[in-house]
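Open the model and keep the sequence beside it.

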Amino acid sequence: MQVEKYIIEGHNNDLLTQHTRKFDFVAADVPNVKTVIQKLRDFQVAIPSWALGTGGTRFGRFSGGGEPRSIEEKIEDVGLLHSLNQSGGAISLHIPWDVPENAQAIKTLAAQHGLRFDAMNSNTFQDQKDQQHSYKFGSLQHVDKAVRKQAIEHNIDVIKHGVELGSDSITVWLSDGSCFPGQLNFRKAFQRTLEGLQEIYAALPANWKMFVEYKAFEPNFYSMTVGDWGQSLLYATKLGPKAYTLVDLGHHLPNANIEQIVALLLNEGKLGGFHFNDSKYGDDDLTVGSINPYQLFLIFNELVEGMDARSMNHASDLGWMIDASHNVKDPLEDLLQSVEAIKIAYAQALLVDTKALQQAQDSNDVARAQEILQQAYRTDVRPLVAEARLQAGGALQPLALYRSAKVREQLIKDRGQKTVATGL
Ligand code: LRH
Ligand code: MN
């Protein structure tokens, strides 16, 4: 299913007058508006291959129909999103949920949709039917060397798939940990996990990165062997220059100051990337910016300030990925909203008067500092984000066009009501 270019142009023509009025209004107060628009155009967010179908919980899963049945159909869906918002030019695969049988054909298909392959994801948190050893008691932390060896070989296999597809990074998230005090020797679990990661690190091609993703709890509920940013930083530092930490917004304990964690990891040069989502309680994997958009803005404020302090390229020096699960919404609509929320937070952060903020901080003018931040946060930057999309050939209002073009209805016609996508 494609939304043809003339359909997008027709949609934009209908909305152009209203858009131009709104854009001119906000742009009048943005001195470097051309730079801001270019940065927004360059900022691409990778779409997770495992979030293109309806997600569920242990209590139930309610499929919405027309879900992708293969990696090819997943690439088509990510390509469709990208044609609408020109902001999701990459797909992040999860192995073995999405094994590219014919890598060259998959690479060509993705390129036809303007897509590249972002970080590959390994999976040692489920037992595959033909698997010799179970990961019930962990993978790299496991007391049994044979289980650790199996997990290391799987990650090296995932790197091989990534090399064939032109990816240049792997995200290692370990569900390893314990559910009860006494179950695990923390020191030995850390040491075994480090040795396993070192064997995987040794298999990385020269230009590759390894992202060590931490998580406070679930599926283990007493300890996680990569449980917080400090533990992830410890691993990444001991592993070497190609290893970084990965911040999944939903993987923190309640009220964690994620923007401070981001600032410090960036300052260490050990922040590798993000799994964007939102949450109110645990790893809820909700739409980005749907629960705590101010926190997302504060995170981007630290990112822009910290990346500029290190002269980093905003678009390419960190991994920008979504990791969400859609239990009650159309997965594609949810992803369009998540990408929009990310671009809005980035645009707001680009509007922060950093010089004035520095002066307020240097003179302990707390109220002034707050006002400077909230001036940016309370600026309606949506016309700037829309203008960047328009200039890139996307739709002024992607979600509205997705609906008016009856995309989901067509997908259900093409694929059926009962199709189930691989993933969570
Ligand atoms: C773990 C996680 C990890 C993925 C999985 C789908 O909670 O965030 O990034 O492998 O979700
Ligand atoms: Mn994640």
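Start with Phe300, whose relative accessibility is 1%, so this residue counts as buried. The cut-off for buried is under 20%. Bear in mind that this is a predicted model.

What does the ring of Phe300 pair with? One partner is Phe276: the two ring centres lie 5.6 Å apart and the planes meet at 15°, so the pair is stacked. Planes under 30 degrees apart count as stacked. Phe276 and Phe300 are both buried. Their pairing links distant parts of the chain. Phe276 belongs to strand β12, residues 271-276. Phe300 belongs to helix α9, residues 293-309.

Now widen the view. Phe276, Phe300 and Trp320 are among the members of a cluster linked by ring pairs. Phe43, Phe274 and Tyr346 belong to the cluster as well. The structure holds 16 aromatic pairs.

Rings also meet charges here. Lys209 places its charged end over the ring of Tyr244, 5.2 Å from the ring centre. Lys242 lies over the face of Tyr201, and here the distance to the ring centre is 5.7 Å.

Next come two helices. Two packed helices are described by the angle between their axes and the distance between the axes. Helix α5 spans residues 145-165, and helix α6 spans residues 186-202. They pack at an angle of about 30°, and their axes are 9 Å apart. The crossing of α5 past α6 is right-handed. Which residues make the contact? From α5 come Arg148, Ile152, Asn155, Ile156 and Ile159. From α6 come Arg192, Gly196, Glu199 and Ile200. By type, the contact residues divide into four nonpolar, two polar and three charged.

Finish with Phe25, which lies in helix α1 (residues 5-27). Is Phe25 buried or exposed? Its relative accessibility is 68%, so Phe25 counts as exposed. The cut-off for exposed is over 50%. Along the chain, Phe25 and Pro383 are 358 residues apart.

Definitions and conventions. Residues are numbered from 1 along each chain as its sequence is written. Chains are lettered from A and ligands numbered from 1 in the order in which they are written. This is a predicted model: local features need pLDDT of at least 70, side-chain atom pairs count only at pLDDT 80 or more; totals for chains, interfaces and linings use all residues. Side-chain values use heavy atoms; hydrogens and water are left out. Axes are lines fitted to C-alpha atoms, for helices over the stretch in contact, and angles run from 0 to 180 degrees between N-to-C directions. Helices (H or I, at least four residues) and strands (E, at least two) are DSSP runs, numbered from the N terminus. A crossing is left-handed if the near helix is turned anticlockwise from the far one by less than a right angle, and right-handed if clockwise. Contact means heavy atoms within 4.5 Å. Ala, Val, Leu, Ile, Met, Phe, Trp, Tyr, Cys and Pro count as nonpolar, Asp, Glu, Lys and Arg as charged, and the others, Gly among them, as polar. Rings of Phe, Tyr and Trp (its six-membered ring) pair if their centres lie within 6.5 Å; planes under 30 degrees apart count as stacked, over 60 as edge-to-face and the rest as tilted. Buried means under 20% relative accessible area, exposed over 50%, partly exposed in between (1.4 Å probe, protein chains only). A charge sits over a ring if NZ of Lys or CZ of Arg is within 6 Å of the ring centre and within 35 degrees of the ring normal.
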